[in-house]
Amino acid sequence: MILLFLLAALIPHQVLIATSRGQANIPVTTESGSAAVAAVLLARPLGLTVSLDGAAARVTLGDGAFDFDVGSPFFRYAGAAYPMVGAPYIARDTLFLPLHWLADYVPRLLASRYRWDPWLARLDERPAAPPPPAVAVATPNPITGLRLPHTIVVDPGHGGVDPGNPGLTLPRGITEKDITLGIGKLLRAELVRRGLNVVLTRASDTLIDLASRPLFCRVDCDLFVSIHVNSMPAGRRQKQVNGVETYFVSDAKTEDQKRVAQMENDALRFEPSRAGSGGPLGFILNDLQLNEYLRESARLAELVQGKVAAIHPGEDRGVQQGPFLVLAAARRPSILVETGFATNQKDGAFLGSTEGQRKIALAIADGIVAYLLEFERKIAGTGGGQAR
Ligand SMILES: [Zn+2]
């Protein structure tokens, strides 16, 4: 009798479950004579699942599966049977599991994950061990210093029936679509030389519709880089304005940004099925603004802009933001480089020359690698616990 009293005194009225997701108090019932907890109340705090098949109940917790029989004071786990104080039972359509199982067996059989404190009646779930830092084991690429494989989608703007801007100052017969393809192919060659994987959205003079371009950047893609040539509308400033600017997707803040976004989105009119539909851009943008890719895109834009501006004969027009359809759906850090003005004599000559295109391609590659190095350092910082 005294022993029973002692046991009763040791049975807590409730159990505290503490995990990285929060804490929960679970009531303990002794209605069947031994201490038990409702499985359904453990589902949320522990991420536990129950499947009932007649009298057989399988409880999955972390990597483990426990097999119970309603009314039987035994359970099976990993091929062995274990006795319990009390048996699982069903009351009010709810499965109750013995407290003995939760407080004694779970911390014993899943010792790396759970710890039971009998004095506080508290079950602690330890955070899952972080994945081994892949970064630390791989040897760096001798050219770039990068340690992980990366795939870059390079998108030469326009193509086929869409010439892009006609290019007042470009060599005869050449339009934006030829310059973007030239730079795109040189950029691919340079990135491949440095050990990166590259996908071109187009490798010839064909039109890929705007909405399809980001689809090249899905699972196996780290960055999306679209290449374009700028132009000024007729007017006083037309021939003076020059230089390079790099965009990431966002709402346009200035008239110039709106003009460039409108110009590049205008390729839509070459896509009969989409003409005049307005497109899903606004919707996608709302979603994107909550997205970390926005911040990453801004950083990528900053690094690429810095490198290209350093070799460009024109002005450094800085990082800009605009609602570009081609960037909005990429779901990866994505930028659009306006590599110069086809309405300016000096820019046009630079863009029209193989040497100019090569310099631009190398500079964009430098910016991409600088970004990826920073990105890898950031991952190593979070995975290996090192300071950034
Ligand atoms: Zn363009």
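**Figure 1. Overview of the predicted protein chain and its confidence.** The protein chain holds eleven helices and 18 strands, and buried residues account for 39% of its 388 residues. Of the contacts between residues at least 6 apart in sequence, 68% join residues at least 24 apart. The mean pLDDT of the chain is 84, with 85% of the residues scoring at least 70. Confidence is highest in helix α5 (residues 176-193), where the mean is 97, and lowest in helix α1 (residues 2-10), where the mean is 46. Over residues 1-8 the pLDDT stays under 50, and the model has zero contacts beyond four places in sequence for this stretch; over residues 273-286 the pLDDT likewise stays under 50, but here the model has 15 such contacts. Where pLDDT is low, the predicted coordinates should not be read in detail.

Figure 2. Although alanine 36 and leucine 97 are 61 residues apart in sequence, their C-alpha atoms are 5.3 Å apart in space. Leucine 97 is also among the contacts of alanine 36, which, leaving aside neighbours within four places in sequence, are Thr29, Gly86, Phe96, Leu97, Pro98 and Leu99.

**Figure 3. Valine 85 in the loop between β8 and β9.** Valine 85 belongs to the loop that lies between β8 (80-83) and β9 (89-91). With 15 other C-beta atoms within 10 Å, valine 85 is partly exposed, since that count falls between the limit of 12 or fewer for exposed residues and that of 20 or more for buried ones. Not counting residues up to four places away in sequence, valine 85 touches Ser34, Pro98 and His100. The C-alpha atoms of valine 85 and tryptophan 101 are separated by 8.2 Å, the two residues being 16 apart along the chain.

Figure 4. Four strands form an open sheet in the order β2-β1-β12-β11, with mixed pairing. Strands β2 (22-27) and β11 (114-117) stand at the edges and have a single partner strand each, so one side of each is left without a neighbour in the sheet. On average, neighbouring strands of this sheet are turned by 20° against each other, direction ignored. Strand β1 (residues 14-19) pairs with strand β12 (residues 122-125) in the parallel sense, over three bridges, and alanine 18 stands opposite aspartate 124 in β12. Helix α2 (residues 39-46) lies across β1, β2 and β12 and runs at about 170° to β2. Helix α3 (residues 99-109) also packs on the sheet, where it touches β1, β11 and β12, and its direction makes about 140° with that of β11.

**Figure 5. The buried side of helix α2 and the glycine that follows.** The buried residues of α2 are Ala39, Leu42, Pro45 and Leu46. These residues cover an arc of only 120° around the axis, and therefore lie on the same side of α2. Glycine 47 follows α2 and has a positive phi, near 70°.

**Figure 6. The hairpin of strands β4 and β5.** Strand β4 (residues 49-53) and strand β5 (residues 56-61) pair in the antiparallel sense over five bridges, with threonine 49 standing opposite threonine 60 in β5. The two strands form a hairpin with two residues between them, and glycine 54 in the turn has a positive phi of about 65°.

Figure 7. Strands of a sheet pair through backbone hydrogen bonds, either parallel or antiparallel. Strand β18 (residues 334-341) is mostly covered, eight of its eight residues being buried. Strand β15 (residues 223-230) pairs with β18 in the parallel sense over six bridges, and valine 225 has isoleucine 335 as its bridge partner in β18. Strand β16 (residues 244-249), by contrast, runs antiparallel to β18 and is joined to it by four bridges; here the bridge partner of tyrosine 247 is leucine 336 in β18.

How values were computed
Residues numbered from 1 in each chain as written. Predicted model: local features only at pLDDT ≥ 70, side-chain atom pairs only at ≥ 80, totals over all residues. Pairing = 2+ DSSP bridges. Axes fitted to C-alpha atoms, helices over the stretch in contact; angles between N-to-C directions. Contact = placed C-beta atoms within 7 Å. pLDDT = per-residue confidence, 0-100. Arc of directions from axis to C-beta.
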